[in-house]
Amino acid sequence: MIAVAIALAGCGGASSPTATVRTTPAGQRSVQDAGAITVRGDYAPDEHGPFTLHGAYRVRFTQHGAGVDWADEVPFTAHLETAVSTGPARTIRLFKRAAATGTTTIRADGRFRLAVDYGDSPYEVVLTPTP
């Protein structure tokens with residue numbers, strides 16, 4: 001009986017889950033400047049937008065992490081998906097790379113959300129219109 005009481009007393013110190021702390025200020029998480037769209041975040045999953053896109057875009061991501069060997073990391077994964085849909089949602093795959101940076105070119109017309117599916121370091125994604 002005493003052993004059971006001691007065992008139960010030791011269980012009371014279990015830690016509760018901690019809240020996610022965002023270090024990227026809300027005003028800097030999504031910025032539009034001269035047609036370019038820049039989104040920043042700390043953790044994934046995360047979602048930004050919706051944004052209205054028309055035409056071709058150069059899309060670049062950068063992950064920030066001191067001393068990280070990106071070749072050993074799980075890929076940074078992001079895509080665009082239609083914000084409002086009258087039918088099946090349209091998605092445009094952007095990245096699935098285990099790297100510090102990456103670039104792709106896409107063509108999109110409509111309103112899209114940018115979804116970061118996986119990334120375990122602070123990130124930045126920039127969509128720049130191309131001629």
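Glu47, Glu81 and Arg113 are joined in a network of salt bridges, a salt bridge being a side-chain nitrogen of Lys or Arg within 4 Å of a carboxyl oxygen of Asp or Glu. The model is a predicted one, in which local features need pLDDT of at least 70 and side-chain atom pairs count only at pLDDT 80 or more, whereas totals for chains, interfaces and linings use all residues. Residues are numbered from 1 along each chain as its sequence is written, and side-chain values use heavy atoms, with hydrogens and water left out.

Strands (E, at least two residues) and helices (H or I, at least four) are DSSP runs numbered from the N terminus. Arg113 also meets Glu47 in a salt bridge, at 3.3 Å from N to O. Because Arg113 lies in strand E6 (residues 101-118) and Glu47 in strand E3 (residues 46-63), this pair ties together parts that are 66 residues apart in sequence.

Glu124 is buried, at 17% relative accessible area, whereas Arg40 is partly exposed, at 27%.

Aromatic contacts were assigned to rings of Phe, Tyr and Trp (its six-membered ring) with centres within 6.5 Å; planes under 30 degrees apart count as stacked, over 60 as edge-to-face and the rest as tilted. The count of aromatic pairs comes to four. In one of these, the ring centres of Phe61 and Phe95 are 4.7 Å apart and the planes stand at 70 degrees, so the pair is edge-to-face. Phe61 lies in strand E3 and Phe95 in strand E5 (residues 91-97), so that parts 34 residues apart in sequence are tied together. Both Phe61 and Phe95 are buried. Phe95 also pairs with Phe76 in a tilted arrangement, with 6.4 Å from centre to centre and 50 degrees between the planes. Since Phe76 is in strand E4 and Phe95 in strand E5, this contact ties together parts that are 19 residues apart in sequence. Phe76 is likewise buried. Ring pairs link Phe61, Phe76, Phe95 and Tyr123 into a cluster.

Strand E3, which contains Glu47 and Phe61, also takes part in strand pairing, for which DSSP must find at least two bridges between two strands. E3 and E6 run antiparallel and are joined by 15 bridges; in this pairing, Leu53 stands opposite Gly110 in E6. E3 also runs antiparallel to E7, to which seven bridges join it. Here the bridge partner of Tyr57 is Pro129 in E7. In a regular strand, side chains alternate between the two faces of the sheet.

Conventions
Buried < 20%, exposed > 50% of the residue type's maximum accessible area, 1.4 Å probe, protein only.
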